[in-house]
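An account in running paragraphs is requested.

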Amino acid sequence: TEQEVFDSFHFILSRLSHMRLIPVADLANAAAPGEATARIMADGKICAIIAKGDVQKGQELLIDYNHRDAITLLASYGFTGGLEHERSMTRLKFDAGPALLRATGSSSARYASEGVQLLDEEEAGLHADAYLCARWQQMSEHELALALNYGWDGGANSNLDPAIRAVLAQAETRGCQALQATCKAAMGVVHEWEDLADRLPGVAWITAALRAQVATDRRLLERVARRTQKRIDALQKRTII
């Protein structure tokens, strides 16, 4: 039947690796992001599972399914791996600017084009490098050079000239305000997802996963916004947090 063809097609898609079906290897389970113990290698006519290190007796070989959030994992493979409680679906994008791009290279370029994911394990909700780039996104080339030269940390530099401290505090404040605006816009999208999840009919556990994802995105966006407001307050007082 048409439904059987449809189901078979999507089953094959979920088992493909390197655009081919590889017996045994296609049964490897997914690792949590960053915790893969093996990888699938396809070189010409040879395919193999290659361990990333020593393997203990009884240890399961886990591979990276190349999905970093619950919803795309659910759509492709039919499970979430619990990521809906740990990682956002939201990706915050910000314009790094030419000065920051030259100083940090590909990282800030990626944040501008692909965005950065929010993580529950991070105190600020964002990886430290991404959070720094977001806060410094409005700096001019001169301001960025000053920040890097003096090891700018928000105002605790005891030997820093007050005039330079004021310039850098104002520059970082602009970046923090831009980040807050980005969070606010993203929160509007999350509210739309919440309305959709409430109206979406379907399997109870899938609906529960979608609602959990919405709650996680909201919680992490609020964390970034709160942390950033504290940063702004500290910059205005010339103190470090």
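**Aromatic pairs and helix packing**

At 7% relative accessibility, Tyr111 counts as buried, where buried means under 20% relative accessible area, exposed over 50%, and partly exposed in between (1.4 Å probe, protein chains only). The model is predicted: local features need pLDDT of at least 70, side-chain atom pairs count only at pLDDT 80 or more, and totals for chains, interfaces and linings use all residues. Residues are numbered from 1 along each chain as its sequence is written, and side-chain values use heavy atoms, with hydrogens and water left out.

Phe94, at 5% relative accessibility, is likewise buried. The ring centres of Phe94 and Tyr111 lie 5.7 Å apart with planes at 45 degrees, so this pair is tilted. Distant parts of the chain are linked by the pair, since Phe94 belongs to the loop between S5 and H3 and Tyr111, 17 residues away, to helix H4 (residues 106–113). Helices (H or I, at least four residues) and strands (E, at least two) are DSSP runs, numbered from the N terminus.

In total, the structure holds four aromatic pairs; rings of Phe, Tyr and Trp (its six-membered ring) pair if their centres lie within 6.5 Å, and planes under 30 degrees apart count as stacked, over 60 as edge-to-face and the rest as tilted. Another of these pairs joins Tyr65 and Phe79, whose centres are 6.3 Å apart and whose planes stand at 70 degrees, so it is edge-to-face. Tyr65 is buried, with a relative accessible area of 12%, whereas Phe79 is partly exposed at 30%. Together with Tyr77, these two residues form one aromatic cluster.

The helix packing can be considered next. The axes of helix H3 (residues 97–104) and helix H6 (residues 141–150) come within 8 Å and cross at roughly 35 degrees; axes are lines fitted to C-alpha atoms, for helices over the stretch in contact, and angles run from 0 to 180 degrees between N-to-C directions. Ala99, Leu100, Arg102 and Ala103 of H3 meet Glu141, Leu144 and Leu148 of H6, contact meaning heavy atoms within 4.5 Å.

Which residues of H6 are buried? They are Glu143, Leu144, Leu146 and Ala147. Seen down the axis of H6, these residues fall within an arc of 160 degrees, so they line one face of the helix; the arc is that of the directions from the helix axis to the C-beta atoms. They pack against H3 and helix H7 (162–199). On the other side of H6, His142, Leu148 and Asn149 are exposed. Just after H6, Gly151 adopts a positive phi of about 60 degrees.
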